[in-house]
Amino acid sequence: MTTQEKEAAEPASKVDLPQEQGGGGEIPTFEVTLRVRRYDPEVSAEPRWDEWQLTMFGTDRVLDALHKVKWEIDGSLSFRRSCAHGICGSDAMRINGRNRLACKTLLKDLDLSKPVIVEAIKGLPCEKDLIVDMEPFFQSYREIMPFLMNDGHEPKRERYQSVEDRERFDDTTKCILCAACTSSCPVFWTDGQYFGPAAIVNAHRFIFDSRDDAGDLRLEILNDKEGVWRCRTTFNCTDACPRGIQVTKAIAEVKQAVLARAF
Ligand code: SF4
Ligand code: FES
């Protein structure tokens, strides 16, 4: 076998661990069937399914399998990713029917006796393969004004905040805008008009920030007919969130705040 052939046969991310970290031997490999829902409007108006048999390592994630296909088998396979470490939020997709980040989903944690099924997230227009148009999602995000607004004088030093006040919205600061929650919401699937969980989570992050003065304004926006009252508390969003944010709880807290202010 030539060097090039040998490289092509290598799994996507072979890792040689040092002896003290349990290395010293080969990391086990296994066979994976990857089935991806493909869509390319320049080729066909109908989506299709493609399937590949791959040899992958025990340390590989779904993102590594997608890379292996793209780099070694079919360069036309399209998906978004950037950080590959669960930070940028760009690779949310449906994996075996559940919204997850491809870079945080280890292949060994899936049932490999069946094909691993990968599709684009639902509720947003598919542009190509696993890439959706995120604009409706970011439009809702922009509408809740996700930035600090304060009418007071510019302070000469940082705005102080107690530990307790900071804790009030700590959970919702963790959002990475991956859209896994919003695109798992059956209400959002129906017409896409609903603000969606992610926009409400990011409104929560400022509504409960003691340094911000625009909470009432945001609550008024979310009291809209497409706002918090469309939430049916299905908990899909909380289950989907790769950051472990209590999304449904945050929505409930925003609902309570709307009622407390009684617009
Ligand atoms: S709340 Fe969680 S699932 Fe929703 S966009 Fe933020 S990080 Fe993603
Ligand atoms: S590639 Fe950045 S979160 Fe997965």
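In the protein chain, residues 24 or more positions apart account for 68% of the contacts with a separation of 6 or more, two residues being in contact if their C-beta atoms, placed from the backbone, lie within 7 Å. The model is a predicted one, in which local features need pLDDT of at least 70 and side-chain atom pairs count only at pLDDT 80 or more, whereas totals for chains, interfaces and linings use all residues. Residues are numbered from 1 along each chain as its sequence is written, while chains are lettered from A and ligands numbered from 1 in the order in which they are written. The secondary structure of the protein chain comprises nine helices and seven strands, where helices (H or I, at least four residues) and strands (E, at least two) are DSSP runs numbered from the N terminus. Of the 263 residues in the protein chain, 37% are buried; a residue is buried if 20 or more other C-beta atoms lie within 10 Å of its own, exposed if 12 or fewer, and partly exposed in between.

Five strands form an open sheet with mixed pairing, in the order β2-β1-β5-β3-β4, two strands being paired if DSSP finds at least two bridges between them. Because β2 (48–57) and β4 (98–101) stand at the edges with a single partner strand each, one side of each is left without a neighbour in the sheet. From one strand to the next, the twist averages 35°. Helix α2 (residues 62–72) packs on this sheet, where it touches β1 (29–38), β2, β3 and β5, and its direction makes about 110° with that of β2; such angles run from 0 to 180 degrees between N-to-C directions, with axes fitted as lines to C-alpha atoms, for helices over the stretch in contact.

Within the sheet, β1 and β2 run antiparallel and are joined by 10 bridges, with Val-36 opposite Asp-50 in β2. Strands β1 and β5, by contrast, run parallel and are joined by three bridges, and in β5 the bridge partner of Val-36 is Val-118. Val-118 also stands opposite Ile-95, and the antiparallel strands β3 (residues 92–95) and β5 (residues 116–119) are joined by two bridges.

Ile-117, placed in strand β5, counts as partly exposed because it has 17 C-beta neighbours inside 10 Å; apart from neighbours within four places in sequence, Ile-117 is in contact with Arg-35 and Asn-96. Ile-121 lies in the loop between β5 and β6 (126–128) and is buried, since 22 other C-beta atoms lie within 10 Å. The C-alpha atoms of Ile-121 and Met-93 are separated by 4.9 Å, although the two residues are 28 residues apart along the chain. When residues up to four places away in sequence are not counted, Ile-121 touches Ala-92, Met-93, Arg-94, Asn-99, Val-132, Ala-179 and Ser-183.

Ligand 1 is surrounded by 16 residues, the closest being Cys-175, Cys-178, Cys-181, Ala-198 and Cys-241, where a residue is near a molecule if its C-beta atom, placed from the backbone, lies within 6 Å of it. Helix α6 (residues 197–207) gives the most to this shell, with three residues. The buried residues of helix α9 pack against α6, α7 (215–222) and α8 (236–240), and among them are Val-247, Ile-251 and Val-258.
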